Amino acid sequence: MNFEAIAPGIYPELVYPPYKSTVKRGPTQPLLRLDAPRPVTDNIVATRSLLLPHDMDLTAQGEGEPLGEKIVVTGRVVDEDGKPVRNSLLEVWQCNAAGRYRHKKDQHNAPLDPNFNGWGKMLTDDDGRYRFVTIKPGPYPWGNHDKAWRPAHIHFSLFGNVYAQRLVTQMYFPSDPLFAYDPIFQSIPDEAARQRLISRFSLEETVGDQMLGYEFDIVLRGRDATPMGI
Ligand SMILES: [Fe+2]
């Protein structure tokens, strides 16, 4: 996929020196164009048997309630023509309210929450809509540079309906003061594209006195594509 030609400035810079690991992993040679192999346009079929009982409620996977601010996140997944991407697998993962992942590589000096794993998965419905309940993740330090703290974010992985729609990205929260200092967020050159990674607060999706609602719509491919965020 020549993403840059379709949507200039949307794809993150592959080598972006302020984001240190891109210097080691980014390509040093010009990219080669490959003809799309057939599987790129093959359908991906996701089935409900993939889902476990509490995959769409990350606050219900432990013995008790996790600590932090309970929220609901919802949105629509559409393709480049605005058509719903139906019955497609969407996975999410995140740190807990204190900014700690349940992962052996995360040694941040913040507590794990025994009632919070931080991962979930779901299928989009016939309108391309998804919805999950979780805890608002905290910011965390990541050692990239002095005072390097990630803005609060939830990682998203979408399979779409065909392999060419595959997207791995991150959803952010409105008005985070860390955006300006985050090389991962800033590695996407186009300002409007960066803004598409920020969810919006929704009073409509807010559930009574239980949880605030956030909306995050996702466009797979095209000029208005939701950028990769890795
Ligand atoms: Fe993260």
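**Ground rules**

I am working with a predicted model, where local features need pLDDT of at least 70, side-chain atom pairs count only at pLDDT 80 or more, and totals for chains, interfaces and linings use all residues. Residues are numbered from 1 along each chain as its sequence is written, and side-chain values use heavy atoms, with hydrogens and water left out.

**Entry 1: the pocket**

I noted about 620 Å³ of space in the second largest pocket. A pocket here comes from a 1 Å grid over the protein atoms alone: it is an open set of points where a 1.4 Å probe fits, with protein on both sides within 12 Å along at least five of seven lines, and lining residues have an atom within 4 Å of a point. The volume is the space filled by probe spheres set on the points, which are joined across faces, edges and corners.

I found 25 residues in the lining, with Trp93, Tyr101, Tyr140, Arg150 and His155 nearest the centre of the pocket. Strand 8 gives the largest share, three residues. By class I noted 10 nonpolar, 10 polar and five charged residues in this lining. For the classes, Ala, Val, Leu, Ile, Met, Phe, Trp, Tyr, Cys and Pro count as nonpolar, Asp, Glu, Lys and Arg as charged, and the others, Gly among them, as polar.

**Entry 2: a stretch named in the record**

I checked UniProt next, where an unreviewed entry carries the annotation "domain: Intradiol ring-cleavage dioxygenases" for residues 73-101. UniProt positions are given in the numbering used here, feature names are shortened, and annotations may be inferred rather than shown by experiment. In the model, this span is 0% helix and 41% strand, and its end C-alpha atoms lie 19 Å apart.

**Entry 3: the cores**

Which residues touch the most other members of the largest nonpolar core? I found Tyr130, Phe132, Phe156 and Ile218, in a core of 24 residues. Strand 1 (70-79), strand 2 (89-93), strand 4 (129-135), strand 7 (153-158), strand 8 and strand 11 (218-220) each supply at least two of its residues. Apart from this core lies another, of 10 residues, including Tyr19, Ile184, Phe185 and Ile188. A nonpolar core is a set of buried Ala, Val, Leu, Ile, Met, Phe, Trp, Tyr and Cys residues joined through side-chain atoms within 4.5 Å. Buried means under 20% relative accessible area, exposed over 50%, and partly exposed in between (1.4 Å probe, protein chains only).

I then followed Tyr130: leaving aside neighbours within four places in sequence, its contacts (heavy atoms within 4.5 Å) include Val73, Leu90, Met122, Phe156 and Ile218.

Is Val72 buried or exposed? I read 0% relative accessibility, so Val72 counts as buried.

Beyond four places in sequence, I see Phe179 in contact with Pro151, Tyr172, Phe173, Phe185, Gln186 and Ile198.

**Entry 4: a loop and its partner**

I found Val85 in the loop between strand 1 and strand 2, and Val85 is buried, at 1% relative accessibility. From Val85 to Asp125 I noted 8.3 Å, C-alpha to C-alpha, across 40 residues of sequence.

Asp125 lies in the loop between strand 3 (119-123) and strand 4, and counts as partly exposed at 33%. Not counting residues up to four places away in sequence, Asp125 touches Val85, Arg86 and Asn87.

**Entry 5: positive phi**

Most residues other than glycine have a negative phi, so I looked for exceptions. Asn87 has a positive phi of about 45°; Asn87 is in the loop between strand 1 and strand 2 and is partly exposed at 34%. Lys147 has a phi near 55°; Lys147 is in the loop between strand 5 and strand 6 (149-150) and is exposed at 71%.

Notes
Helix = DSSP H or I, 4+ residues; strand = E, 2+ residues; numbered from the N terminus.
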